[in-house]
Amino acid sequence: MEFEPLTQLGNEVIEFDMIGLADDAMDIDHPLNVVVDVHDDEDHLLHNSTSTTTTIPPPDANLEPFEGMEFESEEAAKAFYNSYARRVGFSTRVSMSRRSRRDGAIIQRSFVCAKEGFRVDKDKDKDKDKPGHVDGRVKRPRAETRVGCKAMLVVKIQDSHSARWAVSNFVRDHNHELVPPDKVHCLRSHRHVSGSAKSLIDTLQGAGIGPSGIMSALIKEYGGISNVGFTERDCRNYMRSSRQRTLGGDTQLLLDYLRNRQAVAENNPSLFYAVQGDDEDQCMSNIFWADPKARTNYTYFGDTVTFDTTYRSNRYRLPFAPFTGVNHHGQPVLFGCALLINESEASFVWLFKTWLEAMSGRPPVSITTDHDRVIRLAVTQVLPETRHRFCKWHIFKECQEKLSHVLSEHLNFEAELHKCVNMTESIEEFESGWFSLIDRYDLREQEWLQTIYVDRRQWVPVYLRDTFFAEMSITQRSDSINSYFDGYVNASTTLQLFVKQYEKALESRYEKEVKADYDTINAAPVLKTPSPMEKQAAELYTRKLFMKFQEELVETMTFLATKVDEEVITTYQVSKFGENHKAYFVSFNIHEMKATCSCQMFEFSGLLCRHILTVFRVTNVLTLPSHYVLKRWTRNAKSGVILEERASNLLNGSRESLTVRYNNLRNEALKFVDDGVKTAEIYNVAVGALQEAANKVALAKKNSGKSAFVNATGREDCLHQGSVATNTCGGHQSGLEQPLSVDEQDRKIQKLAHQLERARRKCEVYRANLLSVLKDIEDQKLQLSVKVQNIKLGMKDRSE
């Protein structure tokens, strides 16, 4: 068999197999275990292997390719060139191939530097409808990595009998800088997760260790990151694919559970769940669900949300993340759950959009998540108006992994870091303390510290105090941060077991809320001052929140307030007795009864600080102004009054979509169903209220229909004249009645206006009665819950 040179066509059929992948391709595991990272900037290494045996020439390790050099196979040539590239400091990929006209077999291969050529612009018209593009433009364009490098190795088959390959062309020189040996493991074609590394990753992942901890173990095991042979991103990719294989059909158990719960319509009429992908086959991805109680909780306490990724990132094998919040007792409440199988940006965007849809489209004021770049991109896209915070305690935990060598050498560093973050009172004080700390320990060049400093506005408390996060303390970890499912999910929990534990966790949390309601009603707090404000707060707040308020109020006895500026708004300097060097500044408008403090505790937690309360004491403000009592912290946080106000806001918000209105009306109606089945008395009240509401809705529909008919006939003037329009549309009487004089028309208008005012007053009375009924329902519900709790406690005492 004879072959033509590559540059001469002759009678051969030359095919160029462009086997380069698109720059925006998905993560894949290559046949030779080279892990591709979707977040890296280099082009993908390509493999088109038909042989599983690789033979590398035996000469010394410093051997350089040369023309005429022979190999036993194409794979041997590729492996040798890649080994040479690792030694020199560049990445490789397969460029083109040439096939035989007779049998289509590959007879020539070109291996090039990964920076060969230039990126080809894609057709904007074709790409504009694809994910990641906006108006024909890539949303986050990737960095250009190809620079037209000419370095290459071309091999061609010698003859069909020996099947040996020889180098026909070799270009040594590159037009770019080469990578030093300590960073060559980051190059795409040299990143390889070996079999032994996979076994160790599987073992550590099964023990509940996260990617960062696993990489630390691998680095120690192999004696350095360069010897590991891959990056932390590769480790994450492998763990994700391994997790998908491990879960397998278990996700079907969860889907069956959700379908069964949804099928029981009388118990779960508004259960919401969604699957990213096709839930009828094995191509499904993430799963989200929210039960009726979770959706109801959000209407009361959805001002601040935590997206808890602890399970999938640090301690647990289960890729699970709940959306949680804080109720009026400071306890965690559930707003929905997600099973995270795919953790790409697109998946998190889908998840946050789906969750927001389940919560009737109302975004929270603030959200707290793990320190994760992909989650941040999704939150920015879906919740642009929501204040996004990284969990400070997750960052401190990450610090123990990233700075383990620093912590072992400097025992005081961690305590000083906590003090710098938690105890500073101003941005200037934090900035000064931070740089002083890292200079003292010579950490200016530490990459992880640089990263979290850049993100400081999203996790350091001094930058976040102007936003509500429902936390009582800046320095201490709030009880609400404790995971909703702690004690029910651990490192060995499978998805099958989780489905059972999920119900137990919900029941336990509900019982704790009932117990807190019971304590609030039956255990009157001990007052520590004669202040009317303390008595007022004891009657308003739940027991736990009152104790927080009482602590602040009692502290005012040791504080002094001094005027420093007296105008319309008076400024006070407030400091503890004997600690004038540590002062806070309170601005107080006594006419509007509004005060602000430099500590910003009210903005952050919703409770007044001791500094403002000190100013109230010295200015004889004896009771709390109503605008400083957040309803979400009161005993009546879930009362009918709040329900009515939310409904009123919905009526005024006519711009909301049909879907949002449908979800809200359904949720409000279901509350009557949930409460009405408890007792016959409540049932009768609920049925009566619903019947009255049905009559009003029917009347509104009837009036709406008349208005529509009038509009359809083109007599818009009638709409502006109210009831008079039935007689005077078009400027004449309908029927045979005589036209009214101007005076008679005025008198009739005045009479109708009087009737309208009487009707309005009646509506107000009906509205007040309805609110009273709703409040009575809530009170009866609470009393029933307390009775149930008493019975349970009594049964428990008898059993003991």
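These exercises walk through a predicted model of one protein chain, each with a worked solution.

Local features need pLDDT of at least 70, side-chain atom pairs count only at pLDDT 80 or more, and totals for chains, interfaces and linings use all residues. Residues are numbered from 1 along each chain as its sequence is written, and side-chain values use heavy atoms, with hydrogens and water left out.

**Exercise 1. The whole chain**

Find how many helices and strands the protein chain has, and what share of its residues is buried.

Solution. 
- Step 1: Count the elements. The chain has 27 helices and 18 strands. Helices (H or I, at least four residues) and strands (E, at least two) are DSSP runs, numbered from the N terminus.
- Step 2: Take the burial. Of the 800 residues, 45% are buried. Buried means under 20% relative accessible area, exposed over 50%, and partly exposed in between (1.4 Å probe, protein chains only).
- Step 3: Look at contacts, meaning heavy atoms within 4.5 Å. Among those with a separation of 6 or more, 64% join residues 24 or more positions apart.

**Exercise 2. Cysteines**

State how many disulfides the structure holds, and explain the case of Cys597.

Solution. 
- Step 1: Recall the bond. A disulfide is a covalent bond between the sulfur atoms of two cysteines.
- Step 2: Apply the cut-off. Here a disulfide is a pair of cysteine sulfur atoms within 2.5 Å.
- Step 3: Check Cys597. Its closest cysteine sulfur is in Cys599, at 3.5 Å, so the two are too far apart for a bond.
- Step 4: The structure holds zero disulfides.
- Step 5: Cys597 counts as buried because its relative accessibility is 8%. Cys399 is buried too, at 1%.

**Exercise 3. H10 against H11**

Classify the packing of helix H10 (residues 345–358) on helix H11 (residues 373–382).

Solution. 
- Step 1: Read the geometry. The two axes come within 8 Å and cross at roughly 45 degrees. Axes are lines fitted to C-alpha atoms, for helices over the stretch in contact, and angles run from 0 to 180 degrees between N-to-C directions.
- Step 2: Name the arrangement. H10 is therefore oblique to H11. Angles under 35 degrees count as roughly parallel, over 145 as roughly antiparallel, 65 to 115 as roughly perpendicular and the rest as oblique.
- Step 3: Find the hand. The crossing is right-handed. A crossing is left-handed if the near helix is turned anticlockwise from the far one by less than a right angle, and right-handed if clockwise.
- Step 4: List the partners. H10 contributes residues including Phe348 and Phe352, and H11 contributes residues including Ile375 and Leu377.
- Step 5: Sort them. The contact has 10 nonpolar, one polar and two charged residues. Ala, Val, Leu, Ile, Met, Phe, Trp, Tyr, Cys and Pro count as nonpolar, Asp, Glu, Lys and Arg as charged, and the others, Gly among them, as polar.

**Exercise 4. H14, H15 and H16**

Follow the chain through H14, H15 and H16, and describe how H15 packs on H14 and on H16.

Solution. 
- Step 1: Start with helix H14 (residues 413–422). Its buried residues are Phe413, Leu417, Cys420, Val421 and Asn422. Their cover includes helix H12 (392–402), helix H13 (404–409) and helix H15 (427–440).
- Step 2: Pair H14 with H15. Their axes are 9 Å apart, at an angle of about 165 degrees. The two are therefore roughly antiparallel. Their crossing is left-handed.
- Step 3: Sort this contact. Seven of its residues are nonpolar, one is polar and two are charged.
- Step 4: Pair H15 with helix H16 (residues 447–454). Their axes are 13 Å apart, at about 175 degrees. That makes H15 roughly antiparallel to H16.
- Step 5: Name the meeting residues. Phe430, Glu431, Trp434, Phe435 and Ile438 of H15 meet Leu449, Ile452 and Tyr453 of H16.
- Step 6: Visit the loop between H15 and H16, where Asp442 sits. Its phi is near 55 degrees, a positive value in a residue other than glycine. Asp442 is exposed because its relative accessible area is 68%.

**Exercise 5. Two single residues**

Decide whether Arg387 and Glu552 are buried, partly exposed or exposed.

Solution. 
- Step 1: Classify it. Arg387 has 25% relative accessible area, so it is partly exposed.
- Step 2: Look along the chain. Leu464 is 77 residues away, yet the C-alpha atoms of Arg387 and Leu464 are separated by 8.8 Å.
- Step 3: Turn to Glu552, in helix H19 (residues 543–555). Glu552 is buried, at 9% relative accessibility.
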